[in-house]
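Biologist: Hi! Could you walk me through this one?
Modeller: Happy to, let's have it on screen.

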Amino acid sequence: MTAKEWADFSAWWERVTAPDYREWEEGVRRIGGCAHPIHLRGTVRLVDTTTGEIVYELGDGIDRTTLLVPCGNRRREWCAPCSRVYQWDTWHLVKAGLVGGKGVPDSVAERPRVFATLTAPSFGPVHAPYEDHACHPRRNGGQCEHDQPLACWEQHAADDAAIGQALCAGCYDYAGAVLWNAHASKLWHRFTDLLRRQELPRAAGVTRAKFASQVRVSFVKVTEFQRRGLVHFHAVIRLDPVAAEGRVPGWATPELISSAVHRAVPLARLTTPYSLAGQWDLSFGTQVDVQPIPAVDSEAEGHNADAVASYIAKYVTKGVEDTGSAHRPVYCKACRGTGLAGACHGCEGSGLRISPAELPGPLHARAMVGTAARLGGFSEYRELNLRRWAHQYGYGGHFATKSRSYSTTMAALRGARADFRAEQTRRRLGVTGELAVDSELLFSGTGYANRAEEQIAEGIRDAIEENRIEGRAALAELLAEEERWKDWI
Ligand SMILES: [Zn+2]
Ligand SMILES: [Zn+2]
Ligand SMILES: [Zn+2]
Ligand SMILES: [Zn+2]
């Protein structure tokens with residue numbers, strides 16, 4: 001046994017033989033084995049409001065006890081159990097907007113809706129997997145000015161690390177790609193505005209005012225990072241009657257939404273501010289996919305509601321990790337990435353906590369991060385906060401957004417879960433009346449004390465995972481369904 005193994009073993013032994021072990025283990029189990037729990041210290045009392053009796057007490061006010069609560073992080077890379085909860089909430093939220101339930105009327109299932117995918121344009125050739133042909137077959141090949149071949153005759157496997165990498169980093173327009181990411185949310189807003197105010201009324205043959213008086217457009221969208229480091233958007237777009245009990249007019253059909261989307265996408269454009277790096281006219285890529293989502297028992301062609309909900313839920317737990325980027329921000333927090341005109345001691349003026357040369361990941365990812373960091377120094381791009389978002393290649397938008405009227409909210413779903421737990425607690429404690437919580441808690445830290453605690457938590461996490469019942473097959477189904485979806489690179 002090495003000294004380190006001995007130290008690990010001692011820490012483990014100390015943990016499992018401590019008098020509070022059972023309680024601690026129960027706490028870790030209760031938070032699903034969260035990888036980065038939050039510690040709260042203080043007292044919690046549960047009071048039966050009918051009798052006024054204290055039915056449960058954590059900490060007696062003198063000997064304050066630590067309570068573990070889950071980190072609640074969305075990203076799988078950071079915390080698998082919490083990201084799974086987030087993923088399931090998203091699934092329920094999207095599904096409720098398609099078939100009803102969770103406080104959403106069942107009539108939503110009859111409303112016209114589509115599943116649309118908007119992509120980024122090309123900023124230069126990247127390696128891509130095709131089933132039926134080579135990556136970049138060019139007969140008279142040739143080389144670019146950096147002596148890199150212009151052709152690639154490989155037929156890349158889906159897991160080939162080359163996928164998404166530029167054929168030549170010298171030729172690739174990294175500044176354009178970063179600025180596209182940085183403006184993607186703005187482009188999305190332009191697109192939804194055009195759809196709502198111009199293209200849907202036009203396709204319906206009614207005035208904007210008449211359209212707005214009869215129909216409301218609602219959507220839920222998720223952001224996906226493609227392997228080449230550019231974002232694209234998947235969205236459910238639905239038409240609702242303005243009157244709560246009403247129906248949408250006859251012209252409101254999935255076909256109408258589809259043609260309006262196809263017209264609105266190329267019209268959503270913007271021009272970046274001019275800088276020494278250049279100026280770009282930005283718009284979505286030409287690949288736009290729009291599929292109807294028919295009502296559940298309908299014979300019509302299209303995607304089914306479960307598959308769409310699963311597809312969207314799958315992406316909400318992801319960040320840029322599939323593209324090999326740094327997982328954490330790389331900007332200098334001391335100066336918020338500004339470098340303070342060279343005077344910041346934290347970063348010696350670079351605005352970064354690490355130098356672009358030390359960034360992890362493949363060349364393409366590093367070039368995207370490095371470019372965002374460099375452009376972050378241009379005053380013309382100040383409001384884009386490019387250094388703050390450099391680790392996400394310039395994208396600082398949300399990973400999941402929805403319009404207010406789409407369906408229930410994450411907060412409502414969390415509330416429902418809390419109610420369910422309270423009901424379980426009431427039963428466990430044999431309380432018939434309402435329970436009141438009287439607590440006084442303060443933040444006292446995060447994470448686990450040592451590697452031993454982490455390992456025990458991992459074990460608990462694995463055990464919970466193994467016991468997971470098969471009713472959760474919807475995400476597995478998605479894998480089969482996914483074959484049918486184009487994965488644009
Ligand atoms: Zn967690
Ligand atoms: Zn290739
Ligand atoms: Zn080149
Ligand atoms: Zn600094």
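Biologist: How do the axes of helix 3 and helix 7 cross?
Modeller: In this predicted model, the axes of helix 3 (residues 80-99) and helix 7 (residues 305-316) come within 8 Å and cross at roughly 145°. Helices here are DSSP runs of H or I with at least four residues, strands are E runs of at least two, and both are numbered from the N terminus. Axes are lines fitted to C-alpha atoms, for helices over the stretch in contact, with angles from 0 to 180 degrees between N-to-C directions.

Biologist: Which residues make the contact?
Modeller: Helix 3 brings Y86, Q87, T90, W91, V94, K95, L98 and V99, and helix 7 brings A305, V308, A309, S310, I312, A313 and V316. Contact means C-beta atoms, placed from the backbone, within 7 Å.

Biologist: Thanks! What's the strand order in the open sheet of 5 strands?
Modeller: The order is 9-4-6-5-10, with antiparallel pairing; two strands pair if DSSP finds at least two bridges between them. Strand 9 (288-292) and strand 10 (400-402) are at the edges with a single partner strand each, so one side of each has no neighbour in the sheet. From one strand to the next, the twist averages 15°.

Biologist: And which strands does helix 7 touch?
Modeller: Helix 7 packs on the sheet against strand 4, strand 5, strand 6 (231-241) and strand 10, and its direction makes about 50° with that of strand 5.

Biologist: How many bridges join strand 5 and strand 10?
Modeller: Strand 5 (residues 215-225) and strand 10 pair over 3 bridges, in the antiparallel sense. V220 stands opposite K402 in strand 10.

Biologist: New topic: which residues of helix 6 are buried?
Modeller: P254, I257, S258, A260, V261, A264 and V265. Buried means 20 or more other C-beta atoms within 10 Å of the residue's own, exposed means 12 or fewer, and partly exposed is in between, with C-beta atoms placed from the backbone. Their cover includes strand 4, helix 4, strand 6 and strand 9.

Biologist: Last one: where is E154?
Modeller: E154 is in the loop between strand 4 (113-118) and helix 4 (174-204). With 14 C-beta neighbours inside 10 Å, E154 counts as partly exposed.

Definitions and conventions: Residues numbered from 1 in each chain as written. Chains lettered and ligands numbered in written order. Predicted model: local features only at pLDDT ≥ 70, side-chain atom pairs only at ≥ 80, totals over all residues. Contact = placed C-beta atoms within 7 Å.
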